[in-house]
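Please read them with the coordinates open.

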Amino acid sequence: MFERTLLLNRQLLNNRWLFTLLGVLVAVLGGWLIGNFGMTGALMTVGLPIGLLIVANILLEPKIGLLAYLNLSFLLGWARFIQSDFPLGLAMDSVLVLTLLSVFLNAKRMNWKRLRHPVYFAVVFWLLYTILELLNPEAPYKPAWFFHARAFSLNWFYMATIMLVVPITKEDIRLLIKIWLIWSFLAALWAFKQQYIGLEAAEIRWLAEGNDRTHVLWGQLRSFSFYSDASQFGAEMASATLICSIRFFEEKGVMRRIGYVFLTLIFFWAYAVSGTRSAFFVLVAGYPSYLFLRRDPALIFKGVMVALPLLVILLFTHLGDSVYQIYRIRTALRPSEDASFLVRLENQQKLRAYLKDLPFGAGIGTSADTGARFSPNHFAAQIPPDSWYVEIWIETGIVGLTLYLLMLATIIGYGVYKVWQIKDPWLFRLMIALLANFIGIALMCYSNPTLSQFPTCTMLYIASILFTTCERWDTVPEKIANKYNGLMTSVRN
């Protein structure tokens, strides 16, 4: 006993020396980082030990990596408060790749058979096409491929692999949805702060860098919260509005329904102060999709009776035009009167002339911000795409756009097939909401690159695998199972 105690004391003493040495090293490193990089160095000093701990936990459990990636997707927008050239987008990708590495390190716990799935095949096929785009002779700067391929296909492929093989439970799904709604609620509150109280210095500086041209219209601020821009924020708020309104219709408890009504109103007004007209189509497409998926004639009738008067008011009256946000929403339904929409059509006509002899496009990384950075004199960089699908069309051609739309159609079609087979009421209600939202965002992407922007793209990647593999969590409801078991017991007796 004495020898064991002595040995333990020696180990503690050795560990004490080790901790002291590590402390000195961290202090020296911290001093050097702060001296050379200022505030960024200080953040690195604090974040490094935390980062190492997170990395270790991700390698031990892939679910931690999934949760870290989701939360970081929302935190990415705060980058405007940190004046640094650190590539935060690449840091996000490293978390996703690290999570994928963890999947392989924990291979024995993974279900690799799930990779034999139609949706996964569609995602992989699109990935292979984008890889072949590296050989596109029209691309003026090959390294630019990597900057857009991440949003085009790589991140979706990584997330699909992780979501399919990791043993995710219903509780994990609940946690993912809660995280999404909590962050969305905080984003709405910050947008109200911007709209009705004022902007922070970092946000004013961001607007002064040229973003005021799209975010301050006729003296009215388009709130962007802590997202990349107002369009992205508006899409996220429209999504949250759709999800919460569907949950309101599906919930039975009074308190839960009151809670979802409250959230629906909060998220809808947050969408309104974003001034993002195209985000209205998340609701225009998502709401009918929900009614269609529900396959309940009575509910469809009620839904039409609720939505029709609102559309009539927006289309054929001028009620509420004095409120800028309502006027902005109304203009989304009158594209022929919108000068910016007409300019987009003109740009697409120009692109059609450029691309008529380029079935595989101009090469990935040649348009939008990446094109302006690496090949500013190329035609693809000189015409703003103003649309996710137009961007794909420019960079991968009509062949690539067709394949991409077929992938989306496969996801939506297979999702419809799967959710209609669900027996569990809770799972059914949630999955039709996620699928309806996916359809709404897919339509909105005609006007905005939402499918490539954080955090919406992260949730859509996750949702696309959830509703297309929903049978993994489908069980007979507990009440029904208990009733059935009790009936069978009575029959036997």
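1. A polar contact here is a pair of N or O atoms within 3.5 Å; within protein, one must be able to donate a hydrogen and the other to accept it, and residues adjacent in sequence count only if both atoms are side-chain atoms. By that rule, the side chains of T456 and E236 form a polar contact at 2.6 Å. T456 belongs to helix α19, residues 456-468. Helices (H or I, at least four residues) and strands (E, at least two) are DSSP runs, numbered from the N terminus.

2. Some ground rules follow. The model is predicted, and local features need pLDDT of at least 70, side-chain atom pairs count only at pLDDT 80 or more, while totals for chains, interfaces and linings use all residues. Residues are numbered from 1 along each chain as its sequence is written, and side-chain values use heavy atoms, with hydrogens and water left out.

3. Confidence. pLDDT is the predictor's confidence in each residue, from 0 to 100. The chain average is 80, and 79% of the residues score at least 70. Helix α5 (residues 118-132) has the highest confidence, at 94, and helix α20 (residues 478-492) the lowest, at a mean of 50. Over residues 1-9 pLDDT stays under 50, and the model has zero contacts beyond four places in sequence for that stretch. Contact means heavy atoms within 4.5 Å.

4. Overall make-up. The chain has 20 helices and two strands. Of its 493 residues, 48% count as buried, where buried means under 20% relative accessible area, exposed over 50%, and partly exposed in between (1.4 Å probe, protein chains only). Among contacts between residues at least 6 apart in sequence, 75% join residues at least 24 apart.

5. Is T456 buried or exposed? With a relative accessible area of 3%, T456 is buried. Beyond four places in sequence, T456 touches Q232, E236, I441 and T450. Helix α19 is mostly covered, with 13 of its 13 residues buried. The end C-alpha atoms of α19 are 18 Å apart, which agrees with the 18 Å that its 13 residues should span at 1.5 Å a residue; the expected span is 1.5 Å times one less than the number of residues.

6. P455 sits in the loop between α18 and α19, and the peptide bond from F454 to P455 is cis, with omega near 0 degrees. Most residues other than glycine have a negative phi, and most peptide bonds are trans.

7. Positive phi values. S225 is not a glycine, yet its phi is near 55 degrees. S225 lies in the loop between β2 and α9 and counts as buried, at 0% relative accessibility. R295 also is not a glycine and has a positive phi of about 55 degrees; R295 is in the loop between α11 (280-294) and α12 (297-316). The 15 residues of α11 should span 21 Å at 1.5 Å a residue, and the end C-alpha atoms of α11 are 21 Å apart, which agrees.

8. A straight helix of 15 residues would span 21 Å, but α8 spans only 16 Å between its end C-alpha atoms. There is a kink of about 85 degrees in α8, centred on E209; the bend at a residue is the angle between axes fitted to the seven residues ending there and the seven starting there. The buried residues of α8 are A202, E203, W206, L207, G210 and H215, and they pack against α7 (170-196), β1 (216-217), β2 (220-221) and α9 (230-250).

9. Nonpolar cores. A nonpolar core is a set of buried Ala, Val, Leu, Ile, Met, Phe, Trp, Tyr and Cys residues joined through side-chain atoms within 4.5 Å. The largest has 126 residues, of which W156, Y404, M431 and L434 touch the most other members. Helix α18 (residues 425-444) gives the most to this core, with 15 residues. Apart from it lies another core, of five residues, including W206, L207, L221 and A230.

10. Y414 is in helix α17 (residues 388-419) and is partly exposed, with a relative accessible area of 21%. Beyond four places in sequence, Y414 is in contact with H117, P118, V119 and T468. Y414 and T469 are 55 residues apart in sequence and 9.2 Å apart in space, C-alpha to C-alpha.
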